[in-house]
Amino acid sequence: QVQLVESGGGSVQAGGSLRLSCQASGVTYSRKCMAWFRQAPGKEREGVASIYTDGSITRYANSVQGRFTISQDNAENTVYLQMSTLKPDDTAMYYCAAGAGGVCLRGWHFLPTSYNYWGQGTQVTVSS
């Protein structure tokens with residue numbers, strides 16, 4: 001049973017920070033592409049950040065570049081998303097996703113169909 005569990009969402013004022021966590025179980029963590037996506041009501045699901053678990057190769061959406069940082073703890077099979085200088089436009093449900101390592105290495109990292117497993121999501125709300 002593959003399970004991705006997100007945590008760390010909540011409500012914060014504009015300019016504030018949050019750290020999201022995604023712990024993976026039931027799947028081999030090595031040589032995987034892990035990613036954070038978000039989806040606001042009425043909007044398409046958007047790739048936010050990705051990380052290749054072997055080598056920590058990272059990618060970011062232009063909208064979050066310089067504000068968000070994706071990282072990992074290999075011993076805990078956990079991926080984090082540190083979000084700073086949050087804006088109201090960052091308000092969304094944030095989802096963790098896991099796929100094959102080639103997804104990150106071949107440039108498929110922000111394609112939702114590339115991922116085999118998804119978490120249930122954690123809500124982030126940023127007020128102005």
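**Charges and strands**

Modeller: Let's start with R38, which is buried at a relative accessible area of 7%; buried means under 20% relative accessible area, exposed over 50% and partly exposed in between, with a 1.4 Å probe and protein chains only.

Colleague: Before we go on, what kind of model is it?

Modeller: This is a predicted model, where local features need pLDDT of at least 70 and side-chain atom pairs count only at pLDDT 80 or more, while totals for chains, interfaces and linings use all residues. Residues are numbered from 1 along each chain as its sequence is written, and side-chain values use heavy atoms, with hydrogens and water left out.

Colleague: OK, how many salt bridges does the structure hold?

Modeller: Three. A salt bridge here is a side-chain nitrogen of Lys or Arg within 4 Å of a carboxyl oxygen of Asp or Glu.

Colleague: Which side chain meets E46 in a salt bridge?

Modeller: That's R38, at 2.9 Å from N to O. E46 is partly exposed, with 30% relative accessibility.

Colleague: And what does D90 form with R38?

Modeller: Another salt bridge, with the closest N and O atoms 2.9 Å apart. This pair links distant parts of the chain: R38 is in strand β4, D90 is in the loop between β8 (78-83) and β9 (92-100), and they are 52 residues apart. Strands are DSSP runs of E with at least two residues, numbered from the N terminus.

Colleague: Is D90 buried or exposed?

Modeller: Buried, because its relative accessibility is 2%.

Colleague: Where does R67 come in?

Modeller: The side chain of R67 meets D90 in a salt bridge too, 2.8 Å from N to O. R67 lies in the loop between β6 and β7 (68-73), and D90 in the loop between β8 and β9, so the pair ties together parts that are 23 residues apart in sequence. R67 counts as buried at 12% relative accessibility. Through shared partners, the salt bridges join R38, E46, R67 and D90 into one network.

Colleague: In which sense do β4 and β5 pair?

Modeller: Antiparallel, over six bridges, with β4 covering residues 32-39. Two strands pair if DSSP finds at least two bridges between them. F37 stands opposite G47 in β5. The two strands form a hairpin with six residues between them, and G42 in the turn has a positive phi of about 80°.

Colleague: What about β5 and β6?

Modeller: They run antiparallel and are joined by four bridges, β6 being residues 57-60. A49 stands opposite Y60 in β6. This hairpin has four residues between the strands, and G55 takes a positive phi near 110°.

Colleague: Last topic: in what order do the four strands of the open sheet come?

Modeller: The order is β1-β3-β8-β7, with antiparallel pairing. β1 (3-7) and β7 stand at the edges with a single partner strand each, so one side of each has no neighbour in the sheet.

Colleague: How many bridges join β1 to β3?

Modeller: Five, and the two strands run antiparallel, with β3 spanning residues 18-25. E6 stands opposite C22 in β3.
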